[in-house]
Amino acid sequence: CEEGEMPRSSRRRRHPCSTAVGPLNDDDLLREILLRLPPQPSSLPRASAVCRRWRLLLSDPGFSRRFRIHHRRNPPLLGFFVRNEGLPFLPSLDAPDRVSPGRFSLQRGDGDRFKSLGCRHGLILVSNKPKNQILVWDPVTGDQHRLDIPPVVAIHAKKTTINGAVLRADDARHFQVVLTVADNDDKQHRRALACVYSSETGAWGELVSTQLPSGVPMSNAGTFVSTYKPAVLIGDSLYWRLGGNFTGILEFDLEKQSLAVIWLPVHILEEGHYLFSIMRAEGGGLGLLLQTDFSIELWKRKTDCDGVASWGLGRTIELDKLLSLNSEENEIMIQGPMGENNVVFVWTHHILFTVHLESLQFNKLPGAYPLFYYHPLESVYAAVGS
Amino acid sequence: MAATPADASSSSSEAVVGGEKSNKMITLISSDGESFEATEEAAKMSVTIKHMIEDGCADDGIPLPNVPAKILSMVIEYCNKHAADADDTNKHVADPADADEDDDNNNNNASAGEKEDLKSFDASLVAVDQATLFDIILAANFLSIKGLLDLACQKVADDIKDKSVEEVREIFKIENDFTKEEEEAVRKENAWAFNE
């Protein structure tokens, strides 16, 4: 039965000879109970070891989907994929939820060269340049979807960086992929392009484009969609950084299926601040996180009643004080904010902290972390077998 | 309003015009023959009972052959408490994933204090032995009271979640019907998940 409905026909599936008690005799009611186990990795595997009937029930793909939907608002952080070619996984939870790294490994075939573009809603988007393909991978279920990059995008992908984003639909049955690339063929009319794939239709949509402003008049340098950081989803829009000739923000509105360019606060470029991240601002809307030594500044973009947009500084957070770091000895690297809860990852000398921006609660993750760029995997572990 | 055994000769008054809340009392009869009274508003938290009232079957009291008195009185307590709280508890219920949204755009204007009160009431209602908890689940399912079903199922899930596989089998009297090879294979498949 679907989420939100009462279990039907519960009398039909009783097991009168079973030694088990009450509602556990009834499949529908047993499902209602098991659905409410916490979304930690060990929950379903352990429950599936109780008896054959539980295992059967939990192995059903329909149950997995319900479990994922039920817990969609608070998927646990299972660990990180290191952003290099092998995409090794580093678990970040303690036992028994410490998923073994081998459990989440992506097999490479002949000629594959993977570059991870981002991770969202438990799905990883990978580009495979030699084959002009992208791959959507669900590490928990193991499902993979290989998609050919549409020719209109592929022509430009050969010349510059391609970036993109993957996201699930609310019902967790379908996903979308948005690819973006810059078109610098006409130096007078540089453009940003986007194309959307929907797993529901199984097809790519129409090409969407927008003009790119010219930045510094360096005639040969093109503008590109930066892959230094992954896309950020804020409300119904995706955001990427633009770099090269023009430094700014590219916005794709998923509802309107349109692209737009957003200018950065003027002083960021003037003062040469390139250590910035796009983020969901407190209270919603577009924001920026600017790193200055050991502090972070949170900026927010506002539009006044005349539709004029401007950036304003919100909070400044002194990370060295918050995390009790010795600023003379340590250097820090910041990633994020990411995920549902605007969590910032602060790396310092093999130690990784997660800092929840709103509450300033922080957590030191168990284990040692080499300096890499990471994709955090926040996912509901709705799998029983491997 | 506490549930009290009703006079056997009492019966519900005339049907209510749709949409109005009435203070009409409904009589509910447990499997062991005890009668309980509840307001129509509280009783209608059970979709099963709601349909019977609307079909006009409620006039002489509603027999509930699946629900013993001890459980029925707890169910009525729950309904009384929650009927006063939200108009639309039955329309979109207690999906914990939606909890944050519901708290923000409440149509019941419950204060923070009232919500805390309700939470601790719910917690103590299900702080009972396994057998009683299971009976509550069966009753909530039979009576179609989604909020109570959700509450009781969540309690069982919370009770199981930190237990070892053996403990779960013991508590719920489940027979291990895996062969030795099967069980080994199951545990090996996700060995990292077992630290017993």
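Where in chain A is His349(A) found?

Author: His349(A) sits in the loop between β22 (343-348) and β23 (351-356) of chain A. Strands here are DSSP runs of E, at least two residues long, and helices are runs of H or I, at least four; both are numbered from the N terminus.

First, the ground rules. This is a predicted model, in which local features need pLDDT of at least 70 and side-chain atom pairs pLDDT 80 or more, while totals for chains, interfaces and linings use all residues, and side-chain values use heavy atoms, without hydrogens or water. Residues count from 1 along each chain as its sequence is written, with chains lettered from A and ligands numbered from 1 in the order written.

The phi of His349(A) is near 45°, a positive value in a residue other than glycine. Most residues other than glycine have a negative phi, and most peptide bonds are trans. His349(A) counts as partly exposed because its relative accessibility is 40%. The classes are buried (under 20% relative accessible area), exposed (over 50%) and partly exposed in between, with a 1.4 Å probe and protein chains only.

Chain B has a positive phi too. Lys173(B) is not a glycine, yet its phi is about 50°. Its loop runs between α8 (165-171) and α9 (180-189) of chain B. At 52% relative accessibility, Lys173(B) counts as exposed.

Chain A also holds a cis peptide bond. It leads from Ala95(A) to Pro96(A), with omega near 0°. Pro96(A) lies in the loop between β2 (89-91) and β3 (114-120) of chain A.

Now the setting in chain B. Its secondary structure comes to nine helices and three strands. From the N terminus, the order is β-β-α-α-β-α-α-α-α-α-α-α. The chain has 196 residues, and 42% of them count as buried.
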